[in-house]
Amino acid sequence: MRYAAIDVGSNAVRMLIAEIIENNESISFKKNTLIRVPVRLGDDAFLNKEISEKKAIDLIKSMQAFRNLMDVYKVTDYMACATSAMREALNGPQVVERIKAEANIDLQIVHGESEAKIIYNSHAEVNIDKSKNYLYIDVGGGSTELSLFSDGELLASQSFNLGTIRILDNQDKDETWTEMKDFIREHTKGLKNIYGIGTGGNINKLYKLSQEKDGAALSYLKLRALYNYLDSFSLKDRINVLGLNQDRADVIIPACEIYLTVLKCANIKSIYVPTVGMVDGIIQTLIEKNYPSVH
């Protein structure tokens, strides 16, 4: 059995095709194919509050390709979610209708709290000591989702309109930064030794660049040093000298700024990076839907 997860983000659209493994009482999945297309819907959505015809066509073509691949891979179930950029685009619902008509994919625009829930469904905490305090941080192109866990229980979760594309386009607002810091301070006071858990493409890339050994936490100081190092290169040199993809080389700087701000505000000394994201959470959500009795 194969499931597919589609994540229509503000920077890129992704599809993960996963093999579903049934083992007695437990159901798990193995990643088969991951495709990422840098459509960058956020540029339109955050500046003009709508998806331009050019971007809409790119998105529809990507979805048609995803549909063809799902057919070839004989995918039995799928879920497609659109996040921040499509939430803000006034013509988001019309684009969803066109995707249904032209690519035969049901795309749902999810609100921030649902997005946070799906991301935490990615079971990023599998190898982590449940008795500790954790702040999940997922930074996307249009929004940042924060969720605080203590003793395995969710204490608070919120989505903020702060993302990498938004910052690059100067569409981030001072009051949103303040609101995020207030949320962190309010919900972390009284909690000792909080650890960060970072998800999303940028922190995965930063973790790779840090050359930490797999599973080891990345310290705040090392992340800050990495930020200063990356920031010392021009955009062109980040691409040519450091070998970053063009659509990663610019967003990695504001992503770093968001992670560092959150870690500092929560007084977090180190962050775990389980290299999972929205698509992993979607596959897990499908498993829970299709196997309600298995956890």
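Guide: Helix α2, residues 53–72, lies across β1 (2–8), β2, β3 and β4 (77–82). The helix runs at about 20° to β2. All of this comes from a predicted model.

Now the sheet itself. Five strands make it up, and it is open. Their order is β3-β2-β1-β4-β5, with mixed pairing. From one strand to the next, the twist averages 25°. The edges belong to β3 and β5 (107–109). Each edge strand has a single partner, so one of its sides has no neighbour in the sheet. In general, strands of a sheet pair through backbone hydrogen bonds, either parallel or antiparallel.

Take the pairing of β2 and β3. Strand β2 covers residues 13–23. It is joined to β3 by 11 bridges, and the two run antiparallel.

Of the elements, α8 gives the most, with five residues. The pocket holds about 700 Å³ of space. By residue class, the lining has 18 polar, 10 charged and eight nonpolar members.

β6 takes us on to another sheet. This open sheet has six strands, in the order β8-β7-β6-β9-β11-β10. Its pairing is mixed. At the edges stand β8 (153–160) and β10 (218–219). Each of these has a single partner strand, so one side is left without a neighbour in the sheet.

Phe149 stands opposite Leu154 in β8. The two strands form a hairpin, with two residues between them. In the turn, Asp151 has a positive phi of about 50°.

Helix α7, residues 174–188, lies across β7 (144–150), β8 and β9 (194–199). It runs at about 175° to β8.

Two bridges join β10 to β11, which covers residues 270–272. This pair is antiparallel. Leu218 has Ile271 of β11 as its bridge partner.

Last, the whole chain. It contains 13 helices and 11 strands. The C-alpha trace spans about 50 × 50 × 35 Å along its principal axes. For 295 residues, a compact globule would have a radius of gyration near 19 Å. The chain has 19 Å, which agrees.

How values were computed
Residues numbered from 1 in each chain as written. Predicted model: local features only at pLDDT ≥ 70, side-chain atom pairs only at ≥ 80, totals over all residues. Heavy atoms only, no water. 1 Å grid on protein atoms, 1.4 Å probe; cavity = no way out; pocket = protein on both sides within 12 Å on 5 of 7 lines; lining within 4 Å. Points joined across faces, edges and corners; volume = space filled by probe spheres on them. Helix = DSSP H or I, 4+ residues; strand = E, 2+ residues; numbered from the N terminus. Nonpolar A, V, L, I, M, F, W, Y, C, P; charged D, E, K, R; others polar. Pairing = 2+ DSSP bridges. Contact = heavy atoms within 4.5 Å. Axes fitted to C-alpha atoms, helices over the stretch in contact; angles between N-to-C directions. Rg over C-alpha atoms; globule rule 2.2 N^0.38 Å.
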